[in-house]
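The entries follow the order in which I worked.

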Amino acid sequence: MDFTLKIWRQNGPKDKGRFETYEIENITPETSFLEMLDILNQKLIKEGKSPVAFDHDCREGICGMCGLYINGRPHGPDDDITTCQLFMRKFKDGDTIVVEPWRAKAFPIIKDLIVDRSAFDKILQEGGYISVCTGEAPEANSILIPPEVAEEAMDAASCIGCGACVAACKNASAMLFVAAKVSHLALLPQGKIEAAKRVKAMIAKMDELGFGSCTNTRACEIECPKNISISHIARLNREFLKANF
Amino acid sequence: MFLNSSVGKKIVVSVSGLFLALFLVVHLFLNFLTVVDDSGDAFVEACNFMERNFIIKIMEYVLAAGFIFHIFYTTYLTWKNRSTRTTNYHVSQKTEVSWSSQNMWISGFVILGFLILHLYNYWYKFKFDESLEVEPIGKFYLVVQLFHQWYYTLFYIIWFIALGLHLNHSIQSGLHTLGLTNQKWIDRLNLISSLYAIFITVGFSIISLYHYLTYVLNNY
Ligand code: HEM
Ligand code: SF4
Ligand code: FES
């Protein structure tokens with residue numbers, strides 16, 4: 001398959017940035033999107049040009065590093081996946097593919113398609129944990145948790161911090177990410193104790209870092225590779241109300 | 001602090017919006033009296049009751065404050081949310097989200113434009129036209145006769161559609177913001193929100209069309 005790639009190139013945070021167009025040929029349908037970019041980079045290096053910088057690590061959909069905004073959608077034209085799980089068979093031969101970085105003030109661009117997502121770490125540092133050491137895993141039956149609750153907490157815990165929710169949101173809001181963390185811990189007995197303090201601190205940090213506020217458009221939920229429901233945002237709102245009144 | 005946080009602000013917006021939405025139901029029932037009773041007596045009686053009732057007088061100020069607050073605060077928040085990106089995406093969003101949820105300020109702005117016209121046509125005249133004090137039935141004719149002009153009927157229907165689009169998103173969104181949803185209720189509330197929006201849009205439109213059509217048919 002042959003493609004025309006329009007890729008965002010930007011030398012650093014201060015650079016204005018621009019699109020560059022590349023032609024790429026003979027890509028097999030089972031090539032992953034990141035492998036296709038590897039092939040492009042090989043070609044660019046051979047031609048003595050600088051390769052396209054993009055983030056990736058596990059390449060198996062669990063680390064959340066590979067955020068790319070492809071043809072108007074975070075992680076490209078497939079549902080419930082990260083970019084590393086996107087394959088070229090999802091495109092048509094001859095397609096033009098536009099690749100952009102996540103765009104949000106809170107995620108400044110480091111180079112080309114790589115953004116600085118450390119804002120998420122800063123939010124987590126405000127309370128995305130339990131502040132005492134809970135020791136070894138206890139006997140499973142010593143604290144009973146109903147299966148529905150465990151399941152829902154597990155769903156929330158599956159957030160990989162990729163930032164697609166921020167990228168998809170018209171307000172660049174981080175609510176789905178924060179809600180996943182708050183909800184996950186608030187549902188479980190060990191996390192409940194600090195729930196009030198946690199929800200206030202994490203929301204305050206999220207606001208301070210320049211993320212927008214939630215207007216319930218649900219774009220985040222559609223683009224989240226882990227299918228995290230905005231019902232966790234409703235729980236976050238409940239926790240926030242409980243913490244304040 | 002509650003109001004300093006984005007979630008607190010959002011909760012205040014949803015309370016103000018849900019209050020306005022509740023008012024619409026009362027307004028719709030009141031207006032329906034012009035259809036139910038052709039003589040206009042029922043409508044005028046209801047108007048008189050409202051003008052004399054102390055609680056309703058207070059509610060009038062609360063409502064005005066609610067509108068003003070809602071308009072300015074949501075405009076401020078919309079503007080603030082727009083400034084969270086330095087560069088916009090080159091390819092516009094392809095994620096399939098509902099139109100009404102993405103364009104609340106636009107539907108709100110259309111509502112506001114017609115609201116000003118509406119307030120001039122009715123509220124202002126009800127308050128300041130002295131002949132209506134002597135002859136209260138004039139209120140009924142004022143309401144009904146506006147719709148004898150086809151373009152006013154059209155304006156109002158456009159208004160009600162914008163209102164419907166606004167409400168389609170807002171009821172479920174407001175309840176969600178108050179934390180009143182979960183996995184199971186999220187889709188049910190979406191449906192309830194749409195049904196409420198249709199109820200309001202169709203309900204008000206029927207009243208306008210009724211007055212227009214009875215006029216046209218009687219003069220045919
Ligand atoms: C009868 C008139 C109106 C009713 C019943 C109404 C109702 C609502 C409700 C219930 C919400 C809550 C949404 C939430 O919490 O997510 C809302 C939000 C909003 N309203 Fe209104 N509204 C009205 C008029 C207006 C007007 C005149 C404007 C003018 C600009 C406006 C602009 C907005 C905006 C920008 C939002 C926030 C939307 C968002 O979250 O994306 N509304 N409205
Ligand atoms: S909520 Fe979903 S989209 Fe957002 S960071 Fe977590 S996994 Fe990514
Ligand atoms: S590279 Fe780890 S999720 Fe894609």
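**Entry 1: chain A as a whole.** I noted at the outset that this is a predicted model, and I read every value below as computed from it. I counted nine helices and seven strands in chain A, whose C-alpha atoms fill a box of roughly 60 × 40 × 35 Å along the principal axes. Of the 245 residues in chain A, 53% are buried. When I took the contacts in chain A with a separation of 6 or more, I found that residues 24 or more positions apart account for 67% of them.

**Entry 2: the two domains of chain A.** I then looked up the division of chain A, which gives domain 1 (3-110) and domain 2 (118-244), with C-alpha centres 29 Å apart. How many residues of domain 1 of chain A are in contact with domain 2 of chain A? I found 15 residues of domain 1 in contact with 20 residues of domain 2, and the area buried between these domains is about 1300 Å², with 57% of it from carbon and sulfur atoms. A:Asp80, A:Ala106 and A:Phe107 supply 35% of the area that domain 1 buries against domain 2, more than any other three residues.

On the side of domain 1 that touches domain 2, the residues divide into nine nonpolar, four polar and two charged. The count of salt bridges between the domains is one.

**Entry 3: salt bridges in chain A.** A:Asp112 forms one with A:Arg9, with the closest N and O atoms 3.1 Å apart. This pair links distant parts of the chain, since A:Asp112 sits in the loop between strand 6 and strand 7 while A:Arg9 is in strand 1 (residues 3-9), 103 residues away. Both A:Asp112 and A:Arg9 are buried. A:Arg73 of strand 4 (residues 73-74) and A:Glu223 of helix 8 (residues 219-223) are 150 residues apart in sequence, so this pair also ties together separate parts of chain A.

The side chains of A:Arg73 and A:Glu223 meet in a salt bridge at 2.8 Å, N to O. Is A:Arg73 buried or exposed? I count A:Arg73 as buried because its relative accessibility is 15%, and A:Glu223 as buried because its value is 3%.

I also looked at A:Arg103 and A:Glu100, which form a salt bridge with the closest N and O atoms 3.1 Å apart. A:Arg103 has 4% relative accessibility and therefore counts as buried, and A:Glu100, at 0%, counts as buried too. A further entry in my list is a network of salt bridges that links A:Asp15, A:Arg18 and A:Glu20.

Entry 4: Most residues other than glycine have a negative phi, so I checked for exceptions. A:Asp112 has a positive phi of about 45° although it is not a glycine, and it counts as buried because its relative accessibility is 1%. A:Ala172, in the loop between helix 4 (164-168) and helix 5 (175-187) of chain A, likewise has a positive phi of about 45° without being a glycine. At 1% relative accessibility, A:Ala172 counts as buried.

**Entry 5: chain B against chain A.** I found 38 residues of chain B in contact with 50 residues of chain A, with about 3600 Å² buried between the chains, 53% of it from carbon and sulfur atoms. The salt-bridge count between chain B and chain A is zero, whereas 29 residue pairs are in polar contact, both at pLDDT 80 or more. Helix 1 of chain B gives the most to the side that touches chain A, with five residues. That side of chain B divides into eight nonpolar, 25 polar and five charged residues.

**Entry 6: inside chain B.** In helix 7 (residues 137-146) of chain B the buried residues are B:Gly138, B:Lys139, B:Phe140, B:Val143, B:Val144 and B:Leu146. These residues pack against several elements of chain B, including helix 1, helix 5 (104-128) and helix 9. B:Trp79, in helix 3 (residues 54-82) of chain B, counts as exposed because its relative accessibility is 58%. Its C-alpha atom is separated by 9.7 Å from that of B:Trp105, 26 residues away along the chain.

Definitions and conventions
Residues numbered from 1 in each chain as written. Chains lettered and ligands numbered in written order. Predicted model: local features only at pLDDT ≥ 70, side-chain atom pairs only at ≥ 80, totals over all residues. Heavy atoms only, no water. Contact = heavy atoms within 4.5 Å. Buried area = accessible area lost by both parts, 1.4 Å probe. Salt bridge = Lys/Arg side-chain N within 4 Å of Asp/Glu carboxyl O. Polar contact = N/O pair within 3.5 Å; in protein donor to acceptor, adjacent residues only side chain to side chain. Helix = DSSP H or I, 4+ residues; strand = E, 2+ residues; numbered from the N terminus. Nonpolar A, V, L, I, M, F, W, Y, C, P; charged D, E, K, R; others polar. Buried < 20%, exposed > 50% of the residue type's maximum accessible area, 1.4 Å probe, protein only. Domains from an automatic or database assignment.
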